[in-house]
Amino acid sequence: MYVKTKVEPGPDLILQSLDVPLSKAQSDKIMELYDYGWLRSDIAKEVGVPKTRVNHELIIKRRGGGAA
């Protein structure tokens, strides 16, 4: 017989990392590569951030600011 243990979820580290701003150079590089037509996954590899962060930056830049 196996004993199942319940695992409590921990903090969502990806969502917490979205609160920390990227450097101006990283943010500009994401926008530049996106304008050139790069795929988001390739941008993430080039800049060295998760794809989720690239998506977040593009959404924030297109909407022109922070949260609603």
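I started with E57, which counts as buried at 8% relative accessibility. Buried means under 20% relative accessible area, exposed means over 50%, and partly exposed lies in between (1.4 Å probe, protein chains only). This is a predicted model: local features need pLDDT of at least 70, side-chain atom pairs count only at pLDDT 80 or more, and totals for chains, interfaces and linings use all residues. Residues are numbered from 1 along each chain as its sequence is written, and side-chain values use heavy atoms, with hydrogens and water left out.

**Entry 1: the whole chain**

I looked up the secondary structure. The chain has four helices and zero strands. From the N terminus on, the order is α-α-α-α. Helices (H or I, at least four residues) and strands (E, at least two) are DSSP runs, numbered from the N terminus.

Next I checked burial. The chain has 68 residues, and 19% of them count as buried. The chain exposes about 5,600 Å², with carbon and sulfur atoms supplying 57% of that area. Such areas come from the Shrake-Rupley method with a 1.4 Å probe; for residues, only the protein chains shown count as cover.

Then I looked at contacts (heavy atoms within 4.5 Å). I took the contacts with a separation of 6 or more: 43% of them join residues 24 or more positions apart.

**Entry 2: back to E57**

Where does E57 lie? I found E57 in helix α4, residues 51-63. Leaving out residues up to four places away in sequence, E57 touches L22, S27 and I30.

**Entry 3: salt bridges**

How many salt bridges does the structure hold? I found two. A salt bridge is a side-chain nitrogen of Lys or Arg within 4 Å of a carboxyl oxygen of Asp or Glu. Side chains of opposite charge can pair when their charged atoms come close.

Another pair is K24 and D28, at 3.3 Å from N to O. K24 and D28 sit about one helical turn apart because they are four residues apart in helix α2 (residues 24-35). Are these two buried or exposed? K24 counts as exposed at 59% relative accessibility. D28 counts as partly exposed at 35%.

**Entry 4: the nonpolar core**

I looked up the largest nonpolar core and found nine residues: L22, I30, L33, I43, A44, V47, V49, V54 and L58. Helices α2, α3 (40-47) and α4 each give two or more residues to this core. Helix α3 gives the most, with three residues. A nonpolar core is a set of buried Ala, Val, Leu, Ile, Met, Phe, Trp, Tyr and Cys residues joined through side-chain atoms within 4.5 Å. In soluble globular proteins, nonpolar side chains tend to be buried together.

Neighbours within four places aside, A44 contacts V49, P50, K51 and V54. V47 is in helix α3 and is buried, with a relative accessible area of 15%. Again without residues up to four places away, V47 touches Q26, K29, I30 and L33. V47 and A25 are 22 residues apart along the chain, and their C-alpha atoms are separated by 9.6 Å.
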